[in-house]
Amino acid sequence: MDKTHSYTYFGIESNGEIDSRGLVGYERGLFNPDYITKTLGIQPFCCWKKGDKRRDGSQYLFSSWDAEKSDIGRLDVEAQCMETIKNLKNKIPVLKQLKEQYDVNYVIMVVPKIYGEEQPLISLNKEIIEFCYLTDTIINVDMYINSSDNI
């Protein structure tokens with residue numbers, strides 16, 4: 001039986017415009033994910049650069065780099081966010097430099113998957129908010145709700 005759970009991660013994505021093809025990265029926002037990996041010294045769990053092929057054969061029109069995924073404390077988003085930023089807090093100057101070098105967006109993704117009536121605790125402490133403020137990081141919640149009929 002599926003149970004409600006959540007996870008978080010940190011992402012870097014080209015800034016751009018959305019058109020009929022999806023997100024199209026601005027030229028200045030295009031980056032090589034290998035450079036981000038080397039600069040931050042953190043291995044991503046998912047990344048691509050503009051022009052890389054998707055599974056369907058089409059090409060990505062922007063660059064993306066996702067790392068520091070956390071699913072500790074199955075329903076505790078705050079603990080997961082703290083785990084996500086743990087290795088990034090001492091890299092704030094580098095993140096600021098990357099933001100100056102490239103036109104990119106930083107995001108902490110919060111992904112709760114809810115089954116039945118069980119709900120995750122979604123709260124963010126001052127340390128998380130301060131990290132987001134200092135790095136110009138947004139927080140997105142990508143929520144999936146499954147009715148108890150589907151369990």
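A crossing is called left-handed if the near helix is turned anticlockwise from the far one by less than a right angle, and right-handed if clockwise. The model here is predicted, so local features need pLDDT of at least 70 and side-chain atom pairs count only at pLDDT 80 or more, while totals for chains, interfaces and linings use all residues. Residues are numbered from 1 along each chain as its sequence is written, and side-chain values use heavy atoms, leaving out hydrogens and water.

- The crossing of H2 and H4 is left-handed.
- The axes of H2 (residues 77–86) and H4 (residues 126–135) come within 10 Å and cross at roughly 45°.
- Glu 78, Cys 81, Met 82 and Ile 85 of H2 meet Glu 127, Ile 128 and Phe 131 of H4, where contact means heavy atoms within 4.5 Å.
- Five of these contact residues are nonpolar, none is polar and two are charged.

**The nonpolar cores**
- A nonpolar core is a set of buried (under 20% relative accessible area, 1.4 Å probe) Ala, Val, Leu, Ile, Met, Phe, Trp, Tyr and Cys residues joined through side-chain atoms within 4.5 Å.
- The largest core has 23 residues, and Phe 10, Ile 12, Leu 40, Trp 65, Ile 108 and Phe 131 touch the most other members.
- Strand S6 (104–115) gives this core its largest share, four residues.
- Another core, of five residues, lies apart and includes Tyr 7, Tyr 9, Met 109 and Val 111.

How values were computed: Axes are lines fitted to C-alpha atoms, for helices over the stretch in contact, and angles run from 0 to 180 degrees between N-to-C directions. Helices (H or I, at least four residues) and strands (E, at least two) are DSSP runs, numbered from the N terminus. Ala, Val, Leu, Ile, Met, Phe, Trp, Tyr, Cys and Pro count as nonpolar, Asp, Glu, Lys and Arg as charged, and the others, Gly among them, as polar. Buried means under 20% relative accessible area, exposed over 50%, partly exposed in between (1.4 Å probe, protein chains only).
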